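Welcome! Please take a look at the sequence and the structure, then work through the exercises below.

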Amino acid sequence: MIDWPNVTASSQQELGLKPEDLQKSKCVLGFIPVIYYSILLCVGVPVNILTAVALSRLASRTKKALYYYLLAVTASDILSQLFIIFVGFLLETAVFHRDVPILLLHSVSAAEFAANHASIWSTVPLTVDRYVALCHPLLHRQISYPARARKIIGVVLLLSLVSGVPFFWWSDMWRNSNSPTALDTVLIWMHVTIIYFLPCSIFLVLNSLIIHKLRVRQRQQPCQEEGGSKIASPRLLGKTTAMLLAITSVFSVLWAPRTVVVIYHLYVSSVHRDWRVHLAYDLSNMLAMLNTAVNFFLYCFVSKPFRGAVRDVLLLRGGPLYPQRALPHPQAPTNASISSLYSGNNKRSQRDFTPLSPRRARKPS
């Protein structure tokens with residue numbers, strides 16, 4: 001949520017304050033936020049649109065729920081950039097200078113919070129899906145499919161829209177010189193709970209369980225086979241799990257400063273009065289909005305299929321998702337889900353004592 005700069009449209013008589021009480025904190029950064037958000041918008045919207053097209057191709061080709069969840073996160077990031085950065089900050093603040101009807105301001109505020117909630121909470125079903133895939137792979141194959149993923153995404157978006165309605169009465173921190181009211185306190189705590197504390201708690205618990213499960217499996221996995229060849233332990237983590245950990249970690253880091261500053265503003269010092277809190281709030285908002293533009297680069301760094309899909313989109317071609325190659329084992333299932341990294345302890349134990357080379361594999365007589 002981007003708040004408007006520290007300007008006032010009220011006179012001393014309207015506020016009923018002494019001249020010394022009307023002294024407001026100055027915006028130390030000047031026009032730097034306007035330049036920053038303009039660059040972020042010009043970079044973030046195109047890369048998110050490219051991400052959406054690439055994920056749409058992957059979703060249609062693989063029919064995996066994972067890509068539908070990532071597509072929902074990307075679409076929510078686009079909405080956040082349009083409502084918060086473009087409409088809320090650049091248009092209303094830098095262009096119109098808040099010279100817009102108050103009803104429109106509050107309506108845009110509610111839309112900004114709804115888009116922000118959707119951007120963050122779309123990651124929660126993705127985290128749950130990864131947890132079920134790694135810790136309960138058989139259950140994951142039964143319950144994770146595109147139709148159910150689309151229903152879950154629809155519910156998340158609907159709840160995000162409803163959760164943005166109370167913030168129609170969100171108080172403008174930059175202009176409000178009075179102490180926070182009881183309504184302000186409720187809305188601020190509701191905001192930090194929905195936007196940070198609750199989703200981060202879910203991320204922390206599920207990611208901890210995922211990492212613990214992977215470590216247990218790694219300890220159970222023998223370090224060497226009979227032939228002396230060592231099994232590559234870094235592959236235990238998996239690309240999709242690494243992507244999930246990167247997304248949730250980046251979100252937790254980028255949104256933490258804003259959460260702290262909002263609570264500090266509520267109980268210690270107002271943004272309206274202290275230029276240091278004003279500066280901290282500016283910087284924390286800039287960091288928080290950076291989260292809407294970094295997922296593309298995380299996907300490119302982690303996922304080879306995503307890089308291939310992006311390359312196909314940029315080159316305007318619709319090639320196959322994976323290069324055609326002969327399977328070393330004709331009896332291997334072609335529709336096995338890659339969302340789970342392991343197919344069970346029984347199969348793994350058989351592989352541990354079966355020679356890897358197909359030349360040595362013999363059929364029983």
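**Exercise 1: a helix pair**

Which residues of α4 meet which residues of α8?

*Solution.* On the α4 side the residues are Phe-113, Asn-116, His-117, Ile-120 and Trp-121, and they meet His-191, Ile-194, Ile-195, Leu-198, Pro-199, Ile-202 and Phe-203 in α8. Contact here means heavy atoms within 4.5 Å. The residues of this contact divide into 9 nonpolar, 3 polar and no charged (Ala, Val, Leu, Ile, Met, Phe, Trp, Tyr, Cys and Pro count as nonpolar, Asp, Glu, Lys and Arg as charged, the others, Gly among them, as polar).

Next, the geometry. The axes of α4 (residues 102–121) and α8 (residues 182–220) come within 10 Å and cross at roughly 5 degrees. Axes are lines fitted to C-alpha atoms, for helices over the stretch in contact, with angles from 0 to 180 degrees between N-to-C directions. The two helices are therefore roughly parallel to each other (angles under 35 degrees count as such).

A note on the source: this is a predicted model, where local features need pLDDT of at least 70 and side-chain atom pairs count only at pLDDT 80 or more, while totals for chains, interfaces and linings use all residues. Residues are numbered from 1 along each chain as its sequence is written, and side-chain values use heavy atoms, leaving out hydrogens and water.

**Exercise 2: a salt bridge**

Which side chain does Arg-61 meet in a salt bridge?

*Solution.* The partner is Asp-312, at 3.9 Å, N to O (a side-chain nitrogen of Lys or Arg within 4 Å of a carboxyl oxygen of Asp or Glu).

Terms used: Helix = DSSP H or I, 4+ residues; strand = E, 2+ residues; numbered from the N terminus. Parallel < 35°, antiparallel > 145°, perpendicular 65-115°, else oblique.
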